[in-house]
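User: Please go through this model with me in questions and answers. I would like each answer to end on the value or name I ask for.

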Amino acid sequence: MIAPDNQQPKSAGGGGTLIFGNITGTTGQMTPVASDTTLKNWTDAGDSSGEYQISLTNAAFASQVPEPAAFGLVGAGLLALAGFRRRRT
């Protein structure tokens, strides 16, 4: 979640309780504490001006994706196996 300082998401149920509890400063992974996590509105106690700094940690590139030709070869092999099986019966 990225939000201005002192502006936190409130749930639709339970009288508008804070979804993540009282958040201050920088946090890592957040777990909802409200039973209803449907966003209703935001607390409005903060200032929306200023700068954001977003750090990306433990990021990695996705593994390589096979080329379309490899899928074609697999498909041709499956068709050949199906043809051999059909001839047997």
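Analyst: Residues are numbered from 1 along each chain as its sequence is written, and side-chain values use heavy atoms, with hydrogens and water left out. This is a predicted model, in which local features need pLDDT of at least 70 and side-chain atom pairs count only at pLDDT 80 or more, while totals for chains, interfaces and linings use all residues.

User: What is the mean pLDDT of the protein?

Analyst: pLDDT is the predictor's confidence in each residue, from 0 to 100. Where pLDDT is low, the predicted coordinates should not be read in detail. In this protein 72% of residues reach 70 or more, and the mean pLDDT is 75.

User: Which element has the highest mean pLDDT?

Analyst: Elements are DSSP runs numbered from the N terminus, with helices (H or I) of at least four residues and strands (E) of at least two. The protein has 1 helix and 2 strands, in the order β-β-α along the sequence. Strand β2 (residues 39-42) has the lowest mean pLDDT, 78, and the highest, 86, belongs to α1.

User: Is S11 buried or exposed?

Analyst: S11 sits in strand β1 (residues 9-11). Leaving aside residues up to four places away in sequence, S11 touches several residues, among them G16, A34 and K40, where a contact means heavy atoms within 4.5 Å. Buried means under 20% relative accessible area, exposed over 50% and partly exposed in between, with a 1.4 Å probe and protein chains only. Because its relative accessibility is 1%, S11 counts as buried.

User: How far apart in space are P9 and W42, C-alpha to C-alpha?

Analyst: P9 also lies in strand β1, and at 6% relative accessibility P9 counts as buried. P9 and W42 are 33 residues apart in sequence, and their C-alpha to C-alpha distance is 4.6 Å.

User: What percentage of the 89 residues in the protein is buried?

Analyst: The accessible surface of the protein, by the Shrake-Rupley method with a 1.4 Å probe and, for residues, only the protein chains shown as cover, comes to about 7900 Å². Carbon and sulfur atoms account for 54% of that surface. Of the 89 residues, the buried share is 11%.

User: Is L78 buried or exposed?

Analyst: L78 is found in helix α1, which covers residues 68-88. The relative accessibility of L78 is 54%, so L78 counts as exposed.
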